[in-house]
Amino acid sequence: LLRPRGGRRRVAVALHAPVPGRLIRIEHVDRRRRELQRERSVVVSGCDTDTYGIFRHSAVIADSGKILGVTDMLYSTENSEYAPGGNLRVYQTSKGRIGIVIGEDLFFSDIVNTLSICDAEIIVCIFKEIDNSMPKTVIKALSFCNGVDIMLVSKGEFCYAEASGKIKISSCQNIVKTKSEFNKEYRLLSFRKRWSKNSVKE
């Protein structure tokens, strides 16, 4: 996973383009295209997209140098200059099925739940900057509740929560290396419900 050292970068976007709905010029990804093709690497890079003057917090995902698509932040707070976007999806890559969450979307549990139901093997959450411990606390809870690994990446911050809810690694270094096997957690649930036999008609 690569992160621009200066945080998000703004990229030009056109709706009529060949990449699912968009044309993207991403210099910091394109420079390493051949290297990525050799390594069969998957890159998720946070950016701000400009669609004819409509700005969104987004992330681009590429596999072996090929751009797979763009995911936008779905929720936008009041008076924000950034518009809400779309394209919530799980990407099939050479390294597994990856779901992407952008910024404060992490605080809306239905997004992580949806990605987990859609069989994401790992969820990558990209923040521009983190100034408190709340996102780390949230990924611990969401990874446990949804049985899926969650990786939190931001400028100068990295945190990996396993499906068990335990933090596997947390670091402030620019480059972090870790190995992981995707093991989704499944649990058998049961519950009691009061009902009347008389209300059931044969």
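In this predicted model, six strands form an open sheet in the order β6-β7-β8-β9-β10-β11, with mixed pairing. Strands (E, at least two residues) and helices (H or I, at least four) are DSSP runs, numbered from the N terminus, and two strands pair if DSSP finds at least two bridges between them. The edges are β6 (90–93) and β11 (167–171), each of which pairs on one side only. From one strand to the next the twist averages 20 degrees; axes are lines fitted to C-alpha atoms, for helices over the stretch in contact, and angles run from 0 to 180 degrees between N-to-C directions.

Helix α3 (residues 109–117) lies across β6, β7 (96–102), β8 (122–126) and β9 (149–154), at about 170 degrees to β7. Contact here means heavy atoms within 4.5 Å.

The largest nonpolar core holds 19 residues, of which Val-101, Leu-106 and Ile-123 touch the most other members. Such a core is a set of buried Ala, Val, Leu, Ile, Met, Phe, Trp, Tyr and Cys residues joined through side-chain atoms within 4.5 Å, buried being under 20% relative accessible area (1.4 Å probe, protein chains only). Two or more residues each come from α3, β8, α4 (134–146), β9 and β10. Beyond its neighbours within four places in sequence, Val-101 contacts Leu-106, Ile-111, Val-112, Leu-115, Ile-123, Val-124, Cys-125 and Ile-126. A second, separate core of 16 residues includes Ala-59, Ile-98, Ile-102 and Ile-122.

Residues are numbered from 1 along each chain as its sequence is written, and side-chain values use heavy atoms, leaving out hydrogens and water. Local features need pLDDT of at least 70 and side-chain atom pairs count only at pLDDT 80 or more, whereas totals for chains, interfaces and linings use all residues.

Notes. Buried < 20%, exposed > 50% of the residue type's maximum accessible area, 1.4 Å probe, protein only.
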